Amino acid sequence: MWSTTKLIMVSQTLSSTAALLFTFNIMLLLVFFVSYLPGINSAWYNSLKMPNFDPWIARGLWLVAAFLSYVGLYLILLRVPTNKGLLINDFYLIGGFLTIIWSVAFLQLQDLRLAVWLSLLLFLYQLWLLTYIFWLSPFLSLFLVPLVIMYFYLVYSMIDLALLNQVPL
């Protein structure tokens with residue numbers, strides 16, 4: 001039989017695990033920027049034909065969407081049962097790794113075709129994650145909607161960029 005002391009110890013261990021995973025998620029965001037910032041200043045990136053759209057608007061929207069999604073993750077860790085919250089945290093980590101893979105494929109390997117397909121994979125993954133969270137908490141899933149919209153925009157912009165630069169898909 002579980003005693004109250006054992007339950008408290010398990011709860012504290014899971015809480016520290018959630019905090020560690022949440023911190024790891026934020027660190028993945030920093031790794032993404034290490035790949036992203038030099039990539040957008042490279043000669044290859046600057047030689048691409050770009051659509052007539054101010055990229056700073058999209059970058060600002062990405063920051064807002066990412067911030068909201070991490071606020072949602074934090075609230076999930078507080079409100080959803082611990083085992084489901086940790087699982088969702090793991091799903092965020094997978095999404096972070098996929099985003100880093102996209103960034104490296106596009107900005108470091110300079111493979112536009114691969115980046116298009118990875119952007120589609122990212123969008124589908126985030127859409128699935130939104131659906132998964134919706135079944136746990138419709139309210140908390142709202143925090144992920146802006147990010148899913150931005151991933152849809154990523155797919156559109158990557159296809160547009162590939163077509164403008166005559167890269168076969």
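Student: What should I know about the model before we start?
Tutor: The model is predicted, so local features need pLDDT of at least 70 and side-chain atom pairs count only at pLDDT 80 or more, while totals for chains, interfaces and linings use all residues. Residues are numbered from 1 along each chain as its sequence is written, and side-chain values use heavy atoms, with hydrogens and water left out.

Student: Which residues touch the most other members of the largest nonpolar core?
Tutor: They are Y92, W102, F106, I133, L140, L144 and M158, in a core of 44 residues. A nonpolar core is a set of buried Ala, Val, Leu, Ile, Met, Phe, Trp, Tyr and Cys residues joined through side-chain atoms within 4.5 Å. Buried means under 20% relative accessible area, with a 1.4 Å probe and protein chains only.

Student: What does F106 touch?
Tutor: Leaving out residues up to four places away in sequence, F106 touches W44, Y45, L48, D111, L112, A115, M158 and L161. Contact here means heavy atoms within 4.5 Å.

Student: New topic: is S137 buried or exposed?
Tutor: S137 is buried, because its relative accessible area is 16%. S137 and V80 are 57 residues apart in sequence, yet 8.1 Å apart in space, C-alpha to C-alpha.

Student: And which residues lie nearest the centre of the largest pocket?
Tutor: Those are F32, Y36, R59, W62 and W102, among 41 lining residues. A pocket is an open set of points on a 1 Å grid over the protein atoms alone, where a 1.4 Å probe fits, with protein on both sides within 12 Å along at least five of seven lines; lining residues have an atom within 4 Å of a point.

Methods
Buried means under 20% relative accessible area, exposed over 50%, partly exposed in between (1.4 Å probe, protein chains only).
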